[in-house]
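Please look over the sequence and the model below before reading on.

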Amino acid sequence: MENKVCKNKKCLKPLPEGYKHKYCEACRNQHAQKVKNGFKAAAGVAGTVACVAVTVVTAGKINPKE
């Protein structure tokens with residue numbers, strides 16, 4: 001049998017026999033965390049753009065103190 005290793009060039013940990021993924025669990029978790037952080041950043045930008053758009057469309061006439 002051939003010895004499988006993680007495909008991440010910085011990791012190269014040996015993978016157990018019969019492991020179905022190309023990357024080790026730690027590398028897979030790091031990738032998932034990067035994707036989550038990207039979605040959070042995109043949501044933040046979208047929220048900011050929406051707030052600016054509402055302000056521009058209403059010409060700043062919305063006053064929460066009234």
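How many salt bridges does the structure hold? The structure holds 1 salt bridge, a term that stands for a side-chain nitrogen of Lys or Arg within 4 Å of a carboxyl oxygen of Asp or Glu. Before going further, note that this is a predicted model, in which local features need pLDDT of at least 70 and side-chain atom pairs count only at pLDDT 80 or more, while totals for chains, interfaces and linings use all residues. Residues are numbered from 1 along each chain as its sequence is written, and side-chain values use heavy atoms, with hydrogens and water left out.

**The helix and its salt bridge**

The protein has 1 helix and 0 strands; helices (H or I, at least four residues) and strands (E, at least two) are DSSP runs, numbered from the N terminus. Helix H1 has 34 residues and reaches 50 Å from its first C-alpha to its last, which is close to the 50 Å expected at 1.5 Å a residue, where the expected span is 1.5 Å times one less than the number of residues. The salt bridge joins the side chains of Arg28 and Glu25, at 3.2 Å from N to O. These two residues are 3 apart in H1 (residues 25–58), and therefore about one helical turn separates them. An α-helix has 3.6 residues a turn, so residues three or four places apart point the same way. Just after H1, Ala59 takes a positive phi of about 55°. Leu12, which lies in the segment before H1, also has a positive phi, near 55°, in a residue other than glycine.

**Burial and the core**

Buried residues make up 8% of the 66 residues in the protein, where buried means under 20% relative accessible area, exposed means over 50%, and partly exposed lies in between (1.4 Å probe, protein chains only). The table gives the values for several residues.

| Residue | Relative accessible area | Class |
|---|---|---|
| Cys6 | 1% | buried |
| Cys24 | 6% | buried |
| His21 | 26% | partly exposed |
| Arg28 | 30% | partly exposed |
| Glu25 | 43% | partly exposed |

The largest nonpolar core has 5 residues, namely Cys6, Leu15, Tyr19, Cys24 and Cys27; such a core is a set of buried Ala, Val, Leu, Ile, Met, Phe, Trp, Tyr and Cys residues joined through side-chain atoms within 4.5 Å. Although cysteines take part in this core, the structure holds 0 disulfides, a disulfide being a pair of cysteine sulfur atoms within 2.5 Å. For Cys6, the nearest cysteine sulfur is that of Cys27, 3.7 Å away. For Cys24, the nearest cysteine sulfur is again that of Cys27, at 3.5 Å.

Setting aside residues up to four places away in sequence, Tyr19 touches Lys4, Cys24, Glu25 and Arg28, where contact means heavy atoms within 4.5 Å. His21, whose place is in the segment before H1, is in contact with Lys4, Leu15 and Arg28 when its neighbours within four places in sequence are left aside. His21 and Cys6 are 15 residues apart in sequence, and their C-alpha atoms are 8.7 Å apart in space. Among contacts in the protein between residues at least 6 apart in sequence, 0% join residues at least 24 apart.
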